[in-house]
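Trainee: Could you take me through the contacts between the chains and one of the pockets, giving the cut-offs as we go?

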Amino acid sequence: MTEKMDKKPIISLRNVIKKYGENLVVNKINLDIYQGEFLTLLGASGCGKTTTLRMIAGFEDITEGEIFLEDENMAGKPPYHRNVNTVFQSYALFPHMNVFDNVAFGLVEKKMKKAEIRKKVREVLELVQLTGFERRKPDQMSGGQKQRVAIARAIVNNPRVLLLDEPLGALDLKLRRQMQLDLKHLQQQLNITFVYVTHDQEEAMTMSDRIAIMNGGVFEQIGTAEEIYEHPKTKFVADFIGESNIFETSIHAVEEKMLKLIMEQGDVTVREQGFEVNEIAYLCVRPENIKISEFPVEGFNLKGIIKENIYVGSQIKTTIEMINGYLVKKTAFPDGDMKPAGSIVYLYWDDGKSVLMHTKEDKIYNYIESAEGGSIPS
Amino acid sequence: MKAAAKAGKEKKNGYGYDLIAYTVYAFLYLPILIVIIYSFNKSEINVNFTGFTLDWYKELFSKDRDLWQALKTSLLLASYSTIISCVIGTFATIAMHRYRFPGKQIIENLLYIPIVIPEIVIGIAFLATMSMFGINMSMTTLVISHVTFCVPFVIFTLRPRISGFDASIEEAAMDLGANQWHTLKRVTIPMLVPGIIASALMSFTLSIDDVTISFFAAGPENTTLPIKIYGMVRGKISPDVYGQCVIIMLGTIALVAAAMLILSANARRTKRIQSN
Ligand SMILES: Nc1ncnc2c1ncn2[C@@H]1O[C@H](COP(=O)(O)OP(=O)(O)OP(=O)(O)O)[C@@H](O)[C@H]1O
Ligand SMILES: [Mg+2]
């Protein structure tokens, strides 16, 4: 991440806004994408990922703002004058052409010599393991094979940036996992910048150098998978990526890098900075960081009762009901701390294992949605 | 398997429905059969069959220059109108698919009019328009009149096809460096080709057997074959007309069969793509 920061961005989005009529779909986003990077736009359906990608490719006008590709403003440039290529979710192969002609399409447009085209197509088909498929028509191939043709057709042009819109969305889980690794290796091998769209967080985590979490047309957070998982900046991110326990708190006291928090479930003291007394904030703790003890732990006053322990393979999922009815999720390995259902326990976690997030809310103690979208019984 | 199940369900009926079906078919095909038979009839007064001969066909191919001139006119006319209709129809289909413009809905609905209006009305309207502008009837006017009624058929054939296209296929072409014109040339039109072939065959058959509109739009030198035959049979029917009819019929059947083969291959293909 840091070694990338001093490189120049290959793509820059500057205050980009996209409106369809009155409908604001992308709301003033800023993003720098660096050479050789695998950047993923991750977000729920309808948040504006495809629209963002299509603006970079040149299929959609930008309502306001600017997009730079290698310092060149792309305003008014049609897709065929941009050195980026797209892999479409629907593959969009040319049905009347065989695999060879599909892959050669861009090279023919560049008026490359026949012999050179043949050589390049052969090389790229070898790269995606489709040697021998040259004469096949798209409708004679499986989904995974078509997907590889679509990728070959794009990378054969040696683009500066490859844009991929949910390229694995139509494949079954097993094939998708395989293709995720293949794509990642391909990207490293070719050293092409990938901008990848998905709504599958696991896929994003597996493949990306950086992830941009998108929600309602804005980026909630941009960072590495680890940064986003360990230090979510907003409640949305904490909820969207992995499972979280999110507590609404009010800052009671600030003393020397330590904050004393009051919440419905009890009080805690955490090591955080940059918050003011009486500010309302969200406290996020991942289920695997929740620990339990029979006795109160210093700095924590969080009492609950174990509702159930569920074994899921290598892990135990425990649900703990707090005094206000809030259900805390905890996961642990079987040899970890565990108490039978019905035990009264005190929750705690290690220093630095919680994240405190600013909130725009002014009212505390409204029901907090859990990560699965359910609400807390009162 | 399916057919067997269906056949099992069919009952033999005793109410003479089959008789009705046979009668209908007889009405449809008996005259055609008679034409074929008479074209080989020795007797010139065609009431009864006196013996088999190929003389009428020989005569057709040897002396009746007029008839051949008419056939040539018809073939030329059908070729011109087919080509022009397909070009206009293809671009119109693409434009109507791709762009939104004021009055688009109205234009789309207007397309039905040449199909539903009686041909005689179109013919008279065409004649009136041409004479209003003082244009003499010629091959050109004949072609124009045929293009008018062929274009809607071309558009109706191509429209379902183009609306089934995945919009991102054309975007992919542009993404790979093709400008608007190359995209049209290398992707959009080639993808329409099966539909264009089918509509060309349709235009050709429509044009070659049209009597009504041609009757109004043709100049004195441009008698088409159907008009010529029509004129000939008003008096006594000479057996070589039968021969001519048989030849036209065979030609048309071949064309229509080709069109149907292409259309059904197309339908199978579309189905396969959709089921993927
Ligand atoms: N051509 C359009 N006209 C009007 N609204 C549009 C158009 N294209 C997209 N939208 C709207 O813009 C919003 C964002 O769409 P977009 O396709 O970018 O979402 P997405 O994040 O890619 O979602 P998904 O994961 O479902 O593909 C949606 O609410 C959609 O309805
Ligand atoms: Mg999308």
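The questions below concern the interface, the salt bridges and a pocket.

Mentor: This is a predicted model, in which local features need pLDDT of at least 70 and side-chain atom pairs count only at pLDDT 80 or more, whereas totals for chains, interfaces and linings use all residues. Residues are numbered from 1 along each chain as its sequence is written, chains are lettered from A and ligands numbered from 1 in the order in which they are written, and side-chain values use heavy atoms, with hydrogens and water left out.

Trainee: What is the area buried between chain B and chain A?

Mentor: Contact, taken as heavy atoms within 4.5 Å, joins 22 residues of chain B to 25 residues of chain A. Buried area is the accessible area (1.4 Å probe) that two parts lose on being put together, summed over both. Carbon and sulfur atoms give 55% of the total, which is about 2100 Å².

Trainee: Which element gives the largest share of the side of chain B that touches chain A?

Mentor: Helices here are DSSP runs (H or I, at least four residues), strands likewise (E, at least two), numbered from the N terminus. H9, helix H10 (180-208) and helix H13 (239-275) of chain B each supply at least two residues of that side. The largest share, 7 residues, comes from H9(B).

Trainee: Which residue of chain B forms a salt bridge with A:Glu109?

Mentor: A salt bridge requires a side-chain nitrogen of Lys or Arg within 4 Å of a carboxyl oxygen of Asp or Glu, and the rule finds 2 across the interface of chain B and chain A. At 2.9 Å, N to O, the partner of A:Glu109 is B:Arg186.

Trainee: How many residues apart in sequence are the parts that A:Arg160 and A:Glu70 tie together?

Mentor: The side chains of these two residues meet in a salt bridge at 2.5 Å, N to O. A:Arg160 lies in the loop between helix H5 (143-155) and strand S7 (161-165) of chain A, and A:Glu70 in the loop between strand S4 (64-69) and strand S5 (72-73), so the parts tied together are apart in sequence by 90 residues.

Trainee: What is the volume of the second largest pocket?

Mentor: A pocket is, on a 1 Å grid over the protein atoms alone, an open set of points where a 1.4 Å probe fits, with protein on both sides within 12 Å along at least five of seven lines, and lining residues have an atom within 4 Å of a point. This one is lined by 20 residues, with A:Arg54, A:Phe59, B:Arg98, B:Glu171 and B:Met174 nearest its centre. With grid points joined across faces, edges and corners, and volume taken as the space filled by probe spheres set on the points, the value is about 670 Å³.
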